[in-house]
Amino acid sequence: MLLYHEKPVSKGVENAIKRAKQMVEVKWTPVRRFSTSTIYRDSNEVRHDIDTFISAYYPQQGVNYSSVRCYEKFVGDNVLFETYLSALSNPRSVMYTRSQHGQGRAMSGFYGTVCTSFAAYVFDLPVRFPSKTWSTIPGVTEVDAAELENLQLCDAVLKIGQHIAIITDIQRDVEGKVRVLTVSESTSPGCVAKDYTPEEFRGHWLASGYRVFRYAGVHDVPYTPDPFVPVEGDPCMGHPAINTVLQPDYGNKANYMLGDTVELDIMEEGWTSVEITGPEAAVLPIEEDLKAIFRPSVPGYYTACCVKDGEKSALVEFRITNMVLRGDKTVLCKGDTLELSFETEHGDKVLGWIIQSPNHAWRQAGFLSDGEYAIGKTEITVDMASGENYVFVMAEGAFGRYRSPGFYFHVEE
């Protein structure tokens, strides 16, 4: 049977599909045993999460599944692919030394993604929304999926409160009938894309409570080719090298928050010191475990290299962020307004805010308008039950998106 692939109706849709391919097609190999998780539902549809591991040097494809909500380190948005892959190449990086096992549901690797952060990256949303509220995002409307011919590329397949996936390819016959749908998603242990016949799509997705939604903002999604994760249609960008002499423990071009300690891992013997340049300059001794420890007190962009006898290694880069966030009150009632003011580095853009509980469960979120960004203020109508919460804002700089420190507040009965 002759089939043809549906063409994107806009550049934004084409870009969103490329973003999904980046997440699904990226190849990586752990160099130590790697923390992951397995999720299944029993006969009563009760979800179970099991802490598991991937063996060292077992090749992988697709960004690993992990809810990294404690530190907001979702791959794609918060963590560049270069940062992700360079951290995976370093056996002493946070990917192997700071497992998230035991800290909460779906938490395993220090970097990773889940279904809703996958969707947030594909659609270039300012902040992530969970599946239980995804359909309330401005510009999201439901699609009648009774006839599969109504579906379009980048429609979201959503079971509210459980999971979201994205249609990234549709194959039709010469009469326009849908014959194959490709659905891309983040699921344990990593991002995948699978083809479904109409019968399989209806049986696996629609018959189990999923509905189809369309996001109007998909037509504005941008895309920048990345040499670390090239996809079909990208220009030839060569094969970028990962520094095998020196790496920050977060990976190259990572964002650290002011107050974090930057551990620089030296992976080749014979070097005598590490030279830091940036808002602060330092020459650091190399300790017995082949680490150099840097505790910056000034935010900004830094570089580092190994030094011996006048010779210098290739550079690595990292950033220290220090976004300021203030609230006008620390005790509120449901329905009250919390005014937030924020300050960030010149050139960075503040995108939105997220409220979470002390154990990092998502409570509420919103996007910031250009006007709010310009004045450095926003007002939030608090819509949650009593208890402790904290809010943070997300900003974007040269090394991806990063979060502010949290502002804590209490909601009274």
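**Pockets and buried residues**

Q: How much space lies in the second largest pocket?
A: About 490 Å³ lies in this second largest pocket, a volume being the space filled by probe spheres set on the grid points. The model is a predicted one, where local features need pLDDT of at least 70 and side-chain atom pairs pLDDT 80 or more, while totals for chains, interfaces and linings use all residues.

Q: What makes a residue part of the lining of the second largest pocket?
A: A pocket is an open set of points on a 1 Å grid where a 1.4 Å probe fits, with protein on both sides within 12 Å along at least five of seven lines, and lining residues have an atom within 4 Å of a point. By that rule 23 residues line the second largest pocket; Gly76, Leu80, Tyr121, Thr224 and Asp226 lie nearest its centre.

Q: Which residues lie nearest the centre of the largest pocket?
A: They are Arg47, Tyr65, Arg105, Cys115 and Gln162, out of 38 lining residues. The space in the largest pocket comes to about 1100 Å³.

Q: Why is Cys154 called buried?
A: Its relative accessible area is 3%, and buried means under 20% (1.4 Å probe, protein chains only), so Cys154 counts as buried. Cys154 also has a positive phi of about 75°, although it is not a glycine.

Q: How do you know that His360 is buried?
A: The relative accessible area of His360 is 19%, so this residue is buried too. Its phi is near 75°, a positive value in a residue other than glycine.

Q: What joins Ser188 and Pro189?
A: A cis peptide bond does, with omega about 5°. Numbering starts from 1 along each chain as its sequence is written, and side-chain values use heavy atoms, leaving out hydrogens and water.

Notes. Buried means under 20% relative accessible area, exposed over 50%, partly exposed in between (1.4 Å probe, protein chains only).
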